[in-house]
Amino acid sequence: MIELLRTRRSIRKYTDRRIEPEKIEILKEAVLRSPSSRNIDPWEFIFVDEPTILKKLSQSKPHGAKFLEHATLGIVICADGGKSDVWVEDCSIASILVQMAAQSIGLGTCWIQIRNRMHDDKVTSEDYIKNVLNVPKQLKVESIIAIGYPAETREPLSREALKDKKIRINGY
Ligand SMILES: Cc1cc2nc3c(=O)[nH]c(=O)nc-3n(C[C@H](O)[C@H](O)[C@H](O)COP(=O)(O)O)c2cc1C
C-alpha cells in the first residue's frame, strides 16, 4: 500500500484502450468492500462506460470535469442522504479506495467533485447528473471517479516534498 501511495497522482489523460471485464469486476469489488459508518452502506455506484453519456457527464461543471469525456469509465458515487448523516464520509472513502484499487491494476484515475458544485448559474452539478442518469430523487451525488489507462506520466512526489509541518505530536 505505501508503494501505491508513493506513486499516486491524479491522471486526467487516458488512452483508448478498453478496461478488461476482469478489471471492471475488481473495481466493483473495491467499492463494495468500502467500510461505512454503522455498516449502513448508504452508497450506490453508477458505472458509466458509454462515450455519449461520459461526454454529457464531462459537462457537469464548467471546470475540472472536461477530461471525463475521454475517460474509458466514470464511476458516479451517490448515496441516500436519509440513510446516514455521514454519507459524505462514506462516499469519500469509496471514492479514494476505488482510486487506489484502480492504480494497483495499472489504471489512472482522477476525482471529480460534484457535491456543492454548480453546472451553471441555476442548476447544480448534482441535479444535472441526476437528470442525465435518471438518479432517484433521494440520492445525493458526491463525486465521479474518471478512470482509464494512463496517457500521461506524472512524477511521484519525493519524500522531501511532503509537508511535515502538518503533523504535530501530542498536541498542537
Ligand atoms: C475531494 C477532492 C476533489 C477533487 N476534485 C477534482 C475535480 O473536480 N477536478 C479535478 O481535475 N481534480 C480534482 N481533484 C484532484 C486534485 O486536484 C488533486 O488530487 C490534487 O491537485 C493533488 O494532485 P495529485 O492527486 O496528483 O497528487 C480532487 C481531489 C479531491 C481529494
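Trainee: How far is an oxygen atom of the ligand from an N or O atom in the side chain of R8?

Mentor: A polar contact here is a pair of N or O atoms within 3.5 Å, and for R8 the separation between its side-chain N or O atom and a ligand oxygen atom is 2.8 Å. This is a predicted model, in which local features need pLDDT of at least 70 and side-chain atom pairs count only at pLDDT 80 or more, while totals for chains, interfaces and linings use all residues. Residues are numbered from 1 along each chain as its sequence is written, and side-chain values use heavy atoms, with hydrogens and water left out.

Trainee: Which atoms of K61 and G64 lie at such distances from the ligand?

Mentor: In K61 a side-chain N or O atom is 2.6 Å from an oxygen atom of the ligand, whereas in G64 a backbone N or O atom lies 2.9 Å from a ligand nitrogen atom. Of the 620 Å² of accessible area that the ligand has on its own, the protein covers 60%, with areas taken from the Shrake-Rupley method with a 1.4 Å probe.

Trainee: Which residues are around the ligand, and how do they divide by class?

Mentor: A residue is near a molecule if one of its heavy atoms lies within 4 Å of it, and the residues around the ligand include R8, R9, K61, G64, F67, W111 and R154. By class, this shell has four nonpolar, three polar and five charged residues; Asp, Glu, Lys and Arg count as charged, Ala, Val, Leu, Ile, Met, Phe, Trp, Tyr, Cys and Pro as nonpolar, and the others, Gly among them, as polar.

Trainee: What volume does the largest pocket have, and which residues line it?

Mentor: A pocket is an open set of points, on a 1 Å grid over the protein atoms alone, where a 1.4 Å probe fits, with protein on both sides within 12 Å along at least five of seven lines, and lining residues have an atom within 4 Å of a point. A volume is the space filled by probe spheres set on the points, which are joined across faces, edges and corners. The largest pocket holds about 310 Å³, and its lining includes I2, L5, R8, R9, P156 and L162, with five nonpolar, one polar and four charged residues in that lining.

Trainee: What is the volume of the second largest pocket, and which residues lie nearest its centre?

Mentor: Its volume is about 190 Å³, and T7, R8, R9, I11 and Q103 lie nearest the centre, out of 15 lining residues.

Terms used: Polar contact = N/O pair within 3.5 Å; in protein donor to acceptor, adjacent residues only side chain to side chain.
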